Amino acid sequence: MRRRQLEDFVGILAALPDALAIAVEDAAWAADIDPHTDQDTLDDLDEKAVVHWGETFAEVLNNAGVRLIYVASTPLTDLYGAFCYSVEAPQDVLAVLPDPDAPGAQMVVYRGAAPKLHRVANPRGRGQRTSACPNEDPIRHAVAELLGVPAPTAACRLVGPAEMKKALDEHDWPANTDPNTFYGFHTDDNEILVARKAPWSVLHEEVHAALVDDRDVARWLCEALTEEVSEYLHETKGFDWRPTYPEQRRILNQEILPRLRLGENGAVKLARVVAQGGEGKMRPDRRIARGLARGRLRRRKRALERALHTRAGDDMNPFIEAITP
Ligand SMILES: [Zn+2]
């Protein structure tokens, strides 16, 4: 595709509704991408479905959940066009491409291509090491949709140990804290720093950002809920993730969820309560304590409240004591 044809195609995009307006802005950048790149290409994706231009794409554009993420010219091997995804299927990439057989365009759905596209399409990281958190936007929207809260606004960045250490110092962590033991850190400036060696923890950190980390409940419970929600999104949407906090999750799954009788996906339901907590409702820690304080635990209600309060922090022992006969 010659530059001239690309410009024609950008003209087609410009005629589209507002949802694609950003495409035109980005096109100037897209037009001068180095074609001789050794980055991943989309051509080896196994599953794709071509949907013809017209009603289907108009429908997609009319859906407020559609977000444009990228306009490309060359490095995606014969693929250039506008790439977007929908909140319903954040792992899939919808591409609007020029139709090779006719004037106009076609839409192609690349199943599960979002992580790959994000690796290729990070404009800031072009020619250098990327600092983009993989899959950041799709993860953010999936988290918000699942928990019924606004999408987290924190900017996410991959960092090395030196930058992680700097952030820890700025937030008054003890001077001897080893930055290599941190996979992720949420700064007071509403920035999420994720260790470059652990990009799979972006999901965990984005869930924290939506849950509002330890605002309403003890941190140990917050970690357990964050992990349960992360695993759920890993399984249903395919986002990269590795389990952490096994003990905290065990307490949640064995001691809390069965007693609250929340049914299927109880952890996700409880995470929703915590994420949506406050504002006129009973505080989540009290609400959970009240749910647990039945039968022989009735007299332990105050102790359970204290063990679930944000002041309990990482210490699970008061809770284990309160819940054990
Ligand atoms: Zn965490």
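Helix 8 and helix 9 pack with their axes 8 Å apart and at an angle of about 85 degrees. That makes helix 8 roughly perpendicular to helix 9 (65 to 115 degrees gets that label, under 35 is roughly parallel, over 145 roughly antiparallel, and the rest oblique). Keep in mind that this is a predicted model, where local features need pLDDT of at least 70, side-chain atom pairs count only at pLDDT 80 or more, and totals for chains, interfaces and linings use all residues. Residues are numbered from 1 along each chain as its sequence is written.

**Helix 8 against helix 9**

- Axes here are lines fitted to C-alpha atoms, for helices over the stretch in contact, and angles run from 0 to 180 degrees between N-to-C directions.
- On the helix 8 side, Trp220, Leu221, Glu223, Ala224, Leu225, Glu227 and Glu228 meet Gln248, Arg249, Ile251 and Leu252 of helix 9 (contact means C-beta atoms, placed from the backbone, within 7 Å).
- The residues of this contact split into 6 nonpolar, 1 polar and 4 charged (Ala, Val, Leu, Ile, Met, Phe, Trp, Tyr, Cys and Pro are nonpolar; Asp, Glu, Lys and Arg are charged; the others, Gly among them, are polar).
- Helices (H or I, at least four residues) and strands (E, at least two) are DSSP runs, numbered from the N terminus.

- His234 sits in helix 8, which covers residues 219-237.
- With 17 other C-beta atoms within 10 Å, His234 is partly exposed (20 or more such atoms make a residue buried, 12 or fewer exposed, anything in between partly exposed, with C-beta atoms placed from the backbone).
- Skipping neighbours within four places in sequence, His234 is in contact with Leu203, Phe239 and Trp241.
- Leu203 is 31 residues from His234 in sequence, yet their C-alpha atoms are 8.4 Å apart.

- Arg261 isn't a glycine, but its phi is positive at about 50 degrees.
- Asn265 likewise has a positive phi of about 50 degrees without being a glycine.
- Arg261 counts as exposed, with 9 C-beta neighbours inside 10 Å, while Asn265 is partly exposed, with 15 other C-beta atoms within 10 Å.

- Three strands form an open sheet in the order 6-8-7, with mixed pairing (a pair needs at least two DSSP bridges between the strands).
- Strand 6 (155-159) and strand 7 (184-186) are at the edges with a single partner strand each, so one side of each has no neighbour in the sheet.
- From one strand to the next, the twist averages 20 degrees.
- Strand 6 and strand 8 run parallel, joined by 5 bridges, whereas strand 7 and strand 8 (residues 191-195) pair in the antiparallel sense over 3 bridges.
- Val194 of strand 8 is the bridge partner of Leu158, and Val194 is the bridge partner of Gly184 as well.
- The hairpin of strand 7 and strand 8 has 4 residues between the strands, and Asn190 takes a positive phi near 60 degrees there.

**What packs on the sheet**

- Helix 6 (residues 161-170) lies across strand 6, strand 7 and strand 8, at about 135 degrees to strand 8.
- Helix 7 (residues 202-211) also packs on the sheet, touching strand 6, strand 7 and strand 8, and its direction makes about 20 degrees with that of strand 7.
- Strand 8 is mostly covered, with 4 of its 5 residues buried.
- Leu193 lies in strand 8 and counts as buried, with 27 C-beta neighbours inside 10 Å.
- Leaving out residues up to four places away in sequence, Leu193 touches Arg157, Val159, Glu163, Met164, Ala167, Gly184, Phe185 and Thr187.
- Ser131 is 62 residues from Leu193 along the chain, with 9.8 Å between their C-alpha atoms.

**Helix 5**

- The 12 residues of helix 5 (residues 136-147) should span 16 Å at 1.5 Å a residue, and the end C-alpha atoms are 17 Å apart, which agrees (the expected span is 1.5 Å times one less than the number of residues).
- Gly148 follows helix 5 and has a positive phi, near 70 degrees.

Notes: Contact = placed C-beta atoms within 7 Å.
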